[in-house]
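User: I would like to go through this structure term by term. Please tell me what each word rests on.

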Amino acid sequence: MAKFDFYKLSPGGNTTILLEAAGLGVQEGAAAAVSLMDEAHLQAEQVGLVELLPEAMPGLQMMGGEFCLNATRCLAFLAALRKLGGLPAEGFTGVEAGWAYEFFLQSSGLPQPLLARVEKVARAENLERAEKVARAEKVARVARAENLARAETLEKSAGQGMPGAGPSLAGKAQLGRLPHGNSFWPEGSRLSPHNALDCSLFMPMEWGTDITELAPGVNLARLPGIRHLLLDAALHPCPAGQEREQALRWLERFDLQTEDACGVIWHYHLGGASWRIVPVVHVRATASLVLESSCGSGSLALALFLHGSGNSACGNMEILQPSGFTLSAAQKADGLWLGGPVVLLASGACWV
């Protein structure tokens, strides 16, 4: 049995446990991750090992050696937490709006360090954008309601659910009207915005040059450290409740189940610059196939794909996650910033 210091964070869903376990081997770390992810333990969707040493670049090692954008944003949160001297009892309410911290960090699966930006942004600054995305999701919900009769017919004839019905989106992915930094706080969320900072990473645009069309509405994005199969849900709808089974079939169809890490990302256009995703991610080292509540690298793959396809609406995108939170992608000349809120849920010691 081993003891580790841990942090449990929510990067807009996709609950992540980060262990301070320098020197722990990948094989031992993968075994620890399987235990920690279990609902009888700390429970999370993923686990990573972090190094936060004085005067050293923050580092992250995922259990499959993959690149996980959301876990890397969690690492950025912890680095900023150290910069601020820890989290006061009242959360970040005492941190002045506009505070920002930029630095480089490194992660498994990446050929080079990434630039990170952590900031405290006044919630009122993005009200107009929040309402715009909320309106887009409302329009999408109306469209899904209008397709109800067709969906019921599909269910009876082919056993398929309504196109657009995600894994747990009903009653969950409802955008609130209160923005938080680069993203939005969903109505009914039990997470506290007082424990949140906005964490973004800058992604080089050349990462989007290795995207291949495998079939109509099916594209494979080869990012450093992870692959993502992008499925246009208008052509390839995902039956509600069958996401993991369908994802495995898609992985096997294109012989991707042997990859170290590969996701299947159904994407839905909500109108304008707003999209929604349903992500399922397979990591071979932990033998996991997780229907994720948020997927940062899948959102990145979608943003890079849309940019490469010349979509005029992808300059500044909002990508709705199954958790109800959004990730924002802001395009620049040589890359894009992708980020949103990260919330600290718990920290302390754990035994595995």
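Analyst: The chain has six helices and 18 strands. Helices (H or I, at least four residues) and strands (E, at least two) are DSSP runs, numbered from the N terminus. This is a predicted model, in which local features need pLDDT of at least 70 and side-chain atom pairs count only at pLDDT 80 or more, while totals for chains, interfaces and linings use all residues. Residues are numbered from 1 along each chain as its sequence is written, and side-chain values use heavy atoms, with hydrogens and water left out.

User: Why is A30 called buried?

Analyst: Buried means under 20% relative accessible area, exposed over 50%, and partly exposed in between (1.4 Å probe, protein chains only). A30 has a relative accessible area of 9%, so A30 is buried. A30 belongs to helix α1. Of the 352 residues of the chain, 54% count as buried.

User: What makes E55 exposed?

Analyst: The relative accessibility of E55 is 85%, so E55 counts as exposed. E55 sits in the loop between β3 and β4 (59–62). Its phi is positive, about 65°, although E55 is not a glycine. Most residues other than glycine have a negative phi.

User: Which residues does A30 touch, leaving out those up to four places away in sequence?

Analyst: They are M63, A285 and T286. Contact means heavy atoms within 4.5 Å. A30 and A285 are 255 residues apart in sequence, yet 6.7 Å apart in space, C-alpha to C-alpha. Over the chain, residues 24 or more positions apart account for 66% of the contacts with a separation of 6 or more.

User: How do you know that the buried residues of α5 lie on the same side?

Analyst: The buried residues of α5 (residues 243–253) are E243, Q246, A247, W250 and L251. They cover an arc of only 140° around the axis, so they are on the same side of α5. The arc is that of the directions from the helix axis to the C-beta atoms. An α-helix has 3.6 residues a turn, so residues three or four places apart point the same way. On the other side of α5, R249 and R253 are exposed. The buried residues pack against β11 (218–223), β12 (226–232), β13 (261–271), β14 and β15. After α5 comes D255, with a positive phi near 55°.

User: What makes a set of residues a nonpolar core?

Analyst: The members are buried Ala, Val, Leu, Ile, Met, Phe, Trp, Tyr and Cys residues joined through side-chain atoms within 4.5 Å. The largest nonpolar core has 59 residues, of which L9, F77, M203, W207 and L300 touch the most other members. Helix α2 gives the most to this core, with ten residues. Another core lies apart from it and has 18 residues, among them L220, C238, A247 and W250.

User: Which lining residues lie nearest the centre of the largest cavity?

Analyst: Of the 24 lining residues, these are Q46, E66, V281, V283 and E292. Lining residues have an atom within 4 Å of a point.

Methods:
On a 1 Å grid over the protein atoms alone, a cavity is a set of points where a 1.4 Å probe fits but cannot get out, and a pocket is an open set with protein on both sides within 12 Å along at least five of seven lines; lining residues have an atom within 4 Å of a point.
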